[in-house]
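User: Please examine the fold of this chain and the setting of one of its residues.

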Amino acid sequence: MTQLKGEKHALVIIDMLNDFIGEKAALRCENGEKIVPKIREAIDFCHENGIQVVHVQEAHRKNDADFRVRPVHAIKGTWGSEFIEELQPEEDKGDYIVQKRRHSAFSYTDFDLFLREEKIDTVVLTGVWTNVCVRSTASDALYHGYNVIALSDATASQDDDMHRGGLRDIGIFGEVMTTEEYMDAAKKKFSQDAQTV
């Protein structure tokens, strides 16, 4: 069984928004629809076990420079930028929302500040797209000194090659595991921590 790095984790859900998930999505990631149940499972596990949950929301300005290279999507305040119904943030359970305008959740946001304030040293990444926003966030997490875990069955890209490529890159400097493997390892860690108290 995998030994988890880090003392305090945050589950990070990246861009599970209307403009990425579902038939009406402007930048639809069809494989992203398949990972919703796994992300839901991970969120529920984290809520039950006191692990911080962070929802990352792409929220562009109307004439964002990002639209020079990609189609218009996820404009702040629009339906496209809203979280999908199945994965709404639960702020009553302590969920935190990070809004971003670039691929990485660390780029020009308060994500790093929040993690440091909460003494979190490990990010557990889920969401879309594995080879773009998930990978960019993973790289920046490394640069900022965090441990990185990516959940292979709770991340997705437009196609399997993109997904595998993203996970392969993240696996060079982080851990890649399934949702079940992560939860099993976390349970073992909680048990060990309880015994040392």
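Analyst: A residue is called buried under 20% relative accessible area, exposed over 50% and partly exposed in between (1.4 Å probe, protein chains only). The model is predicted, so local features need pLDDT of at least 70 and side-chain atom pairs pLDDT 80 or more, whereas totals for chains, interfaces and linings use all residues. Residues are numbered from 1 along each chain as its sequence is written, and side-chain values use heavy atoms, leaving out hydrogens and water.

User: What percentage of the residues of the chain count as buried?

Analyst: The chain has 197 residues. The share of them that counts as buried is 53%.

User: What pattern does the chain follow along the sequence?

Analyst: Helices (H or I, at least four residues) and strands (E, at least two) are DSSP runs, numbered from the N terminus. The chain has six helices and six strands. In sequence order, their pattern is β-α-α-β-β-α-β-α-β-α-β-α.

User: Where does Ser-157 lie, and is Ser-157 buried or exposed?

Analyst: Ser-157 is located in the loop between β5 (147–156) and α5 (160–173). Its relative accessible area is 0%, so Ser-157 is buried.

User: Which residue has its backbone nitrogen 3.0 Å from a polar atom of the Ser-157 side chain?

Analyst: Leaving aside residues up to four places away in sequence, Ser-157 touches (heavy atoms within 4.5 Å) Cys-29, Asn-31, Trp-129, Thr-130, Asn-131, Met-162 and His-163. The backbone nitrogen at 3.0 Å from a polar atom of the Ser-157 side chain belongs to Thr-130.

Key. Polar contact = N/O pair within 3.5 Å; in protein donor to acceptor, adjacent residues only side chain to side chain.
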